[in-house]
Amino acid sequence: MLERLLLSENRLELTISRLCQEILEQQESEIEDTVLIGLQPKGVFFASRLQAKLAQFSGKVLPFGRLDVTFYRDDFRRRESPLKANSTEIDFIIENKNVLLIDDVLYTGRSVSAALSAMTAFGRPRKVDLLVLIDRKYSRDLPIEPHYVGLSVNTIQSQRIKAQWRELGSTQDEIWLVSNEF
């Protein structure tokens, strides 16, 4: 197995800062009506970092929720072993809000599609923008594209992205591209 470091801890911090600056620049007049929703499981770690950095830059703490899409996935019943669900924790209504839907890696688009369906239980947003840390190019099954991207990576089917977060016991926050050896 071959691994290539995509984002070191320092570069990850810079990427998060840049994304926050982009958000504030593009949503400056609407930031009061913006909420953050991180996709479970790993998108919430990234979303939590964004929330903290946005508060540092803007002086405003945006509402932050965690969304589990397990039972909304189109492949939920097609697996041999059952998926383990995470919790959904959204204690606000998204009706007429600008939602920043946040995930660590965009691959086929199926998780994002499921998230859009799952969000309807919390209201009808005015607008939904997708923000991802890693956009895996050339791998989409659905016509879904992010509005904000930390890093675009050209990948092939046999590769995967490994996100290591301190919250999951890693010594450093790092993002890796992993390739199977041939």
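**A buried tryptophan and its surroundings**

Trp 176 is buried, with a relative accessible area of 18%; here buried means under 20% relative accessible area, exposed over 50%, and partly exposed in between, with a 1.4 Å probe and protein chains only. This residue sits in strand β8, residues 174-179. Helices (H or I, at least four residues) and strands (E, at least two) are DSSP runs, numbered from the N terminus. The model is a predicted one, in which local features need pLDDT of at least 70 and side-chain atom pairs count only at pLDDT 80 or more, while totals for chains, interfaces and linings use all residues. Residues are numbered from 1 along each chain as its sequence is written, and side-chain values use heavy atoms, with hydrogens and water left out.

Which residues does Trp 176 touch, not counting those up to four places away in sequence? With contact taken as heavy atoms within 4.5 Å, they are Glu 3, Arg 4, Leu 5 and Leu 6, together with Arg 160, Ile 161, Lys 162 and Gln 164. His 147, by comparison, is 29 residues from Trp 176 in sequence and 22 Å from it in space, C-alpha to C-alpha.

Stepping back to the whole chain, there are 3 helices and 8 strands, arranged along the sequence as β-α-β-α-β-β-α-β-β-β-β. A compact globule of 182 residues would have a radius of gyration near 16 Å, and the chain agrees, with 16 Å; the radius is taken over C-alpha atoms, and the globule rule is 2.2 Å times the number of residues to the power 0.38. The C-alpha trace spans about 50 × 40 × 30 Å along its principal axes. Of the 182 residues, 47% count as buried. Among contacts with a separation of 6 or more, 69% come from residues 24 or more positions apart.

In general, an α-helix has 3.6 residues a turn, so residues three or four places apart point the same way.

Several loops hold backbone details worth a look. Most residues other than glycine have a negative phi, and most peptide bonds are trans. A cis peptide bond, with omega about 0°, joins Gln 40 and Pro 41, and Pro 41 is found in the loop between β2 (34-39) and α2 (43-58). Asn 96, not a glycine, has a positive phi of about 60°. Asn 96 lies between β3 (64-67) and β4 (98-106) in a loop, and counts as partly exposed at 45% relative accessibility. Tyr 138 likewise has a positive phi, near 60°. Its loop runs between β5 (127-137) and β6 (148-154), and Tyr 138 is exposed, with a relative accessible area of 71%.

One further loop, between β6 and β7 (159-164), contains Gln 157. This residue counts as exposed at 66% relative accessibility. Leaving aside neighbours within four places in sequence, Gln 157 is in contact with Tyr 107 and Arg 136.
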